Amino acid sequence: MIGLARAAAGAAAAMVAFSSPASAEPPRLYDYEIVNEYPHDPQSFTQGLFFLDGHLYESAGQYGESSLRKVALETGEVLQRHDLPETVFGEGAAPWNGDIVALTWKNGVGFVFNGESFEQERTFAYEGEGWGLTQDGERLIMSDGTADLRFLDPQTLKETGRITVTYGGKTLGALNELEWIDGEVFANIWGAEIIARINPETGAVAGLIDMRGLRARLGPGAAGVDVLNGIAYDAKTERLFVTGKYWPKLFEIRLVERKPQ
């Protein structure tokens with residue numbers, strides 16, 4: 001999605017984050033346990049992921065291959081699909097009031113789809129790039145590849161404000177796919193096997209999840225995999241799911257807080 005230099009910078013910044021900053025309340029560090037493994041379409045360049053009413057919803061990227069999908073968790077079967085125009089690169093998506101709002105990468109245009117039929121209802125414009133999208137019940141929260149999170153009015157889809165994400169007083173960029181979980185924004189850091197837990201009011205990183213080692217569980221179908229990307233949460237059962245671009249598996253994980261050394 002971005003040049004190698006920018007990718008390296010984003011990954012390096014995220015890895016540096018595992019050295020505790022000099023602060024009164026350093027972010028919590030987490031490892032993970034795998035609870036379940038599920039099939040995932042290895043042809044899906046996962047950009048957005050969320051769980052709603054017993055199903056996964058996924059937005060996939062790449063020009064000429066971008067789509068919105070409704071997916072059966074247990075089998076990975078695509079139950080419903082809407083292909084985006086070949087001229088756009090699909091990015092993050094989030095549900096809102098029976099609709100699905102979806103972003104594109106460099107086109108500066110987003111789509112609103114009917115959540116049942118997947119029919120397009122309208123489009124909206126924004127400046128800069130679109131990356132990840134989630135919602136907190138009152139507003140949409142968008143990432144654009146920088147260290148900023150933007151807040152959008154879910155009715156007008158206009159920006160109402162933004163915050164800069166920081167770790168130890170320094171900005172943490174390359175924020176990618178987003179998920180709202182229990183009052184925090186969980187964010188993939190593009191190019192790094194790390195998920196950040198972000199305070200949505202201050203932008204401060206409240207925790208970091210070390211996802212290293214998960215790629216090794218992908219098995220023989222992992223020849224063409226890309227980066228870790230995709231976080232979904234089933235609030236009713238408190239299940240947390242993660243996957244990646246072109247990954248043949250989706251994982252249900254449990255977080256384990258790392259004990260101080």
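## Close-up views of the predicted model

**View 1. Pairing of β4 with β5 in the predicted model.** Strand β4, which spans residues 67-71, is joined to β5 by five bridges, and the two strands run in the antiparallel sense. Within this pairing, Val-71 has Val-78 of β5 as its bridge partner.

**View 2. The open sheet to which β4 and β5 belong.** Four strands make up this sheet in the order β2-β3-β4-β5, and their pairing is antiparallel. Strands β2 (46-52) and β5 (78-83) form the edges, each of them pairing on one side only. On average, and with direction ignored, neighbouring strands of the sheet are turned by 15° against each other.

**View 3. Polar contacts of the Glu-129 side chain.** Glu-129 is placed in the loop that connects β9 (120-125) with β10 (133-135). Its side chain makes a polar contact of 2.9 Å with the side chain of Trp-131, and a polar contact of 3.0 Å joins the side chain of Glu-129 to that of Trp-105.

View 4. Among contacts in the protein chain with a separation of 6 or more, 52% are between residues 24 or more positions apart.

Technical notes:
Residues are numbered from 1 along each chain as its sequence is written. This is a predicted model: local features need pLDDT of at least 70, side-chain atom pairs count only at pLDDT 80 or more; totals for chains, interfaces and linings use all residues. Side-chain values use heavy atoms; hydrogens and water are left out. Two strands pair if DSSP finds at least two bridges between them. Axes are lines fitted to C-alpha atoms, for helices over the stretch in contact, and angles run from 0 to 180 degrees between N-to-C directions. Contact means heavy atoms within 4.5 Å. A polar contact is a pair of N or O atoms within 3.5 Å; within protein, one must be able to donate a hydrogen and the other to accept it, and residues adjacent in sequence count only if both atoms are side-chain atoms.
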